[in-house]
Amino acid sequence: MQVLYTADTHVHPGHLDRFLRAAKELSPQVVIMGGDLIPAWEGPIAASIEPHRQWVSDLLLTGIERFHEALPDVPVLLDLGNDDIAAARPLIEARDGMDLHLLHRRVVEIGERLAVVGYMAVNPTPFAIKDCEKPDCRDHDGLSDPRVMKAGYVTASGKAEPCRLDATAGTIEDDLDELSSVLEEPRLRDHSFIFVAHAPPRDTALDEMPGGLHVGSIAVRRFIERWGPTGRLLVSLHGHIHESPWMSGRVRQQIGKVPCFNAGQNKTMLQALLLDTGAVADSARLVTVTGAGSATVMEKGDIQLV
């Protein structure tokens with residue numbers, strides 16, 4: 001099954017349109033957007049709630065409607081990331097299961113014995129918006145890092161309300177263990193799956209910041225290492241640290257048997273990934289779309305960032 005994936009379209013207002021235009025041109029069988037979609041920050045969190053809602057209503061949902069006018073049978077899977085305000089999520093929740101499918105903490109079946117497993121929360125960051133952040137692992141919560149902000153704001157109520165990250169309220173590792181339990185249920189036991197996690201795995205080519213600092217999720221890496229040996233996890237797709245490919249020079253890293261990708265994102269052109277689940281390693285291609293041009297699918301040798 002051919003999949004077109006991107007994340008972090010928030011870096012440029014034109015990227016959503018570029019991505020959906022590329023999807024129409026390439027006609028994949030599944031389209032996935034893995035978090036940090038909304039380029040509508042207007043200052044403080046409270047002042048950005050309504051712009052985020054407006055962008056979802058006017059641009060994201062209408063863009064998906066127009067996409068389905070051209071390709072009505074291609075499912076669109078997506079969810080918000082840590083830089084998207086959760087107060088906008090009810091607008092996409094209202095369309096879940098119709099013209100889009102939400103990803104966070106979900107197992108979405110996309111074909112015969114094939115599913116997408118989604119997880120959008122990220123380990124603690126230096127940012128004040130905490131809608132989509134959680135402590136990382138039970139033995140390494142990430143809260144002792146002096147660079148992260150433990151206190152901030154959540155917006156699910158529709159207002160910016162103060163919060164403080166607390167590992168006793170649960171971790172990313174806890175959530176991924178729950179997803180693992182779902183994957184072990186009889187109805188899914190013979191399914192292969194794609195893992196879409198907004199946070200990249202720690203200490204890889206996919207989570208590198210300037211200065212060589214690695215800030216990905218240990219829990220996400222453990223999940224990949226847990227499922228890779230089973231042969232069921234076909235590929236792991238990420239974002240969040242969208243500058244990482246320019247730091248490491250790579251958009252791909254193998255963890256055991258699992259090819260893992262972060263296509264990266266910048267303001268000058270959209271970057272996406274096109275792959276076939278039947279042969280991920282051989283089929284994966286980087287896709288670029290400039291503001292004025294059509295989609296360019298790189299050659300196999302260009303899967304490392306050029």
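Is glutamate 25 buried, partly exposed or exposed, and what is its relative accessible area?

## Glutamate 25

The structure shown here is a predicted model. In this model, glutamate 25 has a relative accessible area of 41%. That value falls between the limit for buried, under 20%, and the limit for exposed, over 50%, so glutamate 25 is partly exposed.

Glutamate 25 belongs to helix α1, which covers residues 15–26. Apart from residues up to four places away in sequence, glutamate 25 touches Ser294 and Ala295. Threonine 230 lies 205 residues from glutamate 25 along the chain, and the C-alpha atoms of the two are separated by 35 Å.

## The chain as a whole

The protein chain contains seven helices and 15 strands. For 306 residues the globule rule gives 19 Å, and the radius of gyration of the chain is 18 Å, close to that value, so the chain is as compact as a globular protein of that length. Along the principal axes, the C-alpha atoms fill a box of roughly 45 × 45 × 45 Å.

Of the 306 residues in the chain, 55% are buried. Among contacts with a separation of 6 or more, 65% are between residues 24 or more positions apart.

## Surface and charge

The accessible surface of the protein chain is about 12,300 Å², and carbon and sulfur atoms account for 51% of that surface. The chain carries 30 positive and 43 negative side chains. The centres of these two sets are 2 Å apart.

## Nonpolar cores

The largest nonpolar core consists of 50 residues. The residues with the most contacts inside this core are Ile32, Leu176, Phe193, Phe195, Val196 and Leu237. Helix α5, residues 218–227, gives the most to this core, with six residues.

What does phenylalanine 193 contact, leaving aside its neighbours within four places in sequence? Its partners are Leu114, Ala115, Val117, Leu183, Phe223, Trp227, Arg232, Leu233, Leu234 and Val235.

Most residues other than glycine have a negative phi. Aspartate 36 is not a glycine, yet its phi is positive, at about 55°. Arginine 113 is not a glycine either, and its phi is also positive, at about 55°.

Aspartate 36 sits in the loop between β2 (30–34) and α2 (45–70). Its relative accessible area is 2%, so aspartate 36 is buried. Arginine 113 sits in the loop between β5 (106–111) and β6. Its relative accessibility is 44%, so arginine 113 counts as partly exposed.

## A buried threonine in a loop

Where is threonine 125 placed? Threonine 125 is in the loop between β6 (114–119) and β7 (151–154). With a relative accessibility of 5%, threonine 125 counts as buried, because the limit for that class is under 20%.

Which residues does threonine 125 contact, beyond its neighbours within four places in sequence? They are Asn82, Lys130, Glu133, Val148, Met149 and His240.

Note on methods. Residues are numbered from 1 along each chain as its sequence is written. This is a predicted model: local features need pLDDT of at least 70, side-chain atom pairs count only at pLDDT 80 or more; totals for chains, interfaces and linings use all residues. Side-chain values use heavy atoms; hydrogens and water are left out. Helices (H or I, at least four residues) and strands (E, at least two) are DSSP runs, numbered from the N terminus. The radius of gyration is taken over C-alpha atoms; the globule rule is 2.2 Å times the number of residues to the power 0.38. Buried means under 20% relative accessible area, exposed over 50%, partly exposed in between (1.4 Å probe, protein chains only). Contact means heavy atoms within 4.5 Å. Accessible areas come from the Shrake-Rupley method with a 1.4 Å probe; for residues, only the protein chains shown count as cover. Lys and Arg count as positive and Asp and Glu as negative; His and the chain ends are not counted. The place of a charge is taken as NZ of Lys, CZ of Arg, CG of Asp or CD of Glu. A nonpolar core is a set of buried Ala, Val, Leu, Ile, Met, Phe, Trp, Tyr and Cys residues joined through side-chain atoms within 4.5 Å.
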